[in-house]
Each structure stands twice: as structure tokens, then as C-alpha cells.
Amino acid sequence: MNSKVSIITPTYNHSTFIEKCIESVMNQTYTNWEQIIVDDGSSDNTIQIIKNKIKDDKRFILIEQKNIGIFKLAETYNKALAISDGKYIAVLEGDDNWNPKNLNCK
């Protein structure tokens with residue numbers, strides 16, 4: 001059986017990038033994953049884009065928090081880690097994206 005991968009994605013004001021980020025996870029050839037997106041109080045329309053993109057896919061978890069900033073990024077990661085369900089952890093920043101075989105490891 002394939003082990004689940006928890007993908008942690010911190011984001012802040014990434015409205016220009018977040019849709020492509022999410023799509024790159026959706027397009028993975030390895031399909032046993034969850035993506036935990038932690039929005040750090042974005043003031044643009046990042047949240048709306050995320051909600052529209054993930055609305056019917058149970059593999060996504062969205063956490064909204066008040067902005068705590070880059071210097072407390074460890075707290076953001078720990079919040080996602082606390083609810084992660086995967087055997088493995090991967091990090092994908094909200095302004096990045098993956099090729100479709102990124103999670104295929106042998």
C-alpha cells in the first residue's frame with residue numbers, strides 16, 4: 001500500500017501563484033496525499049482562490065490564521081504538522097509548484 005504524504009503549504013498574499021500551486025498537487029501521478037494550506041492572514045484574494053479551487057476535494061485542508069509573519073513561520077508549520085495524517089511530510093510554498101511526478105519516489 002502507498003503511504004500518505006502530507007503536503008504543507010504556507011501562503012500569504014499569493015493570489016498570483018496559489019491556483020497553479022494547488023493544480024500542481026492535483027496533477028500528481030502519486031495520489032495518496034493531503035495538502036494542508038495555512039493562510040497567514042492574506043489581505044488579497046488568496047483565500048477566495050483557494051476555496052474555489054479545493055471546494056469538492058476532501059484531500060485539502062485550509063487553515064486560516066491571523067497574520068503572524070515570516071519570523072513565526074515555524075508556528076505555521078507546526079500548526080499544519082499537528083493535524084497532518086501522512087507518514088511523510090513535504091513542503092510546497094504557496095508561490096511554488098511541482099512537476100506531476102514530484103511525489104513519485106522509489
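Tutor: A crossing is called right-handed if the near helix is turned clockwise from the far one by less than a right angle, and left-handed if anticlockwise. In this predicted model, helix α1 passes helix α2 in a right-handed crossing. Helix α1 covers residues 18–26 and helix α2 residues 46–54, and the two pack at an angle of about 25° with their axes 9 Å apart. Because angles under 35 degrees count as roughly parallel, α1 and α2 are roughly parallel to each other.

Turning to the charged side chains, K53 and E19 meet in a salt bridge, at 3.7 Å from N to O. This pair links distant parts of the chain, since K53 belongs to helix α2 and E19 to helix α1, 34 residues apart. K53 also meets the side chain of E23 in a salt bridge, here at 2.7 Å from N to O. E23 lies in helix α1 and K53 in helix α2, so this pair ties together parts that are 30 residues apart in sequence. Through salt bridges that share partners, E19, E23 and K53 are joined into one network.

As for accessibility, K53 is partly exposed, with a relative accessible area of 24%, E23 is partly exposed at 29%, and E19 is partly exposed at 38%. In general, side chains of opposite charge can pair when their charged atoms come close.

Note on methods
Residues numbered from 1 in each chain as written. Predicted model: local features only at pLDDT ≥ 70, side-chain atom pairs only at ≥ 80, totals over all residues. Heavy atoms only, no water. Axes fitted to C-alpha atoms, helices over the stretch in contact; angles between N-to-C directions. Helix = DSSP H or I, 4+ residues; strand = E, 2+ residues; numbered from the N terminus. Parallel < 35°, antiparallel > 145°, perpendicular 65-115°, else oblique. Salt bridge = Lys/Arg side-chain N within 4 Å of Asp/Glu carboxyl O. Buried < 20%, exposed > 50% of the residue type's maximum accessible area, 1.4 Å probe, protein only.
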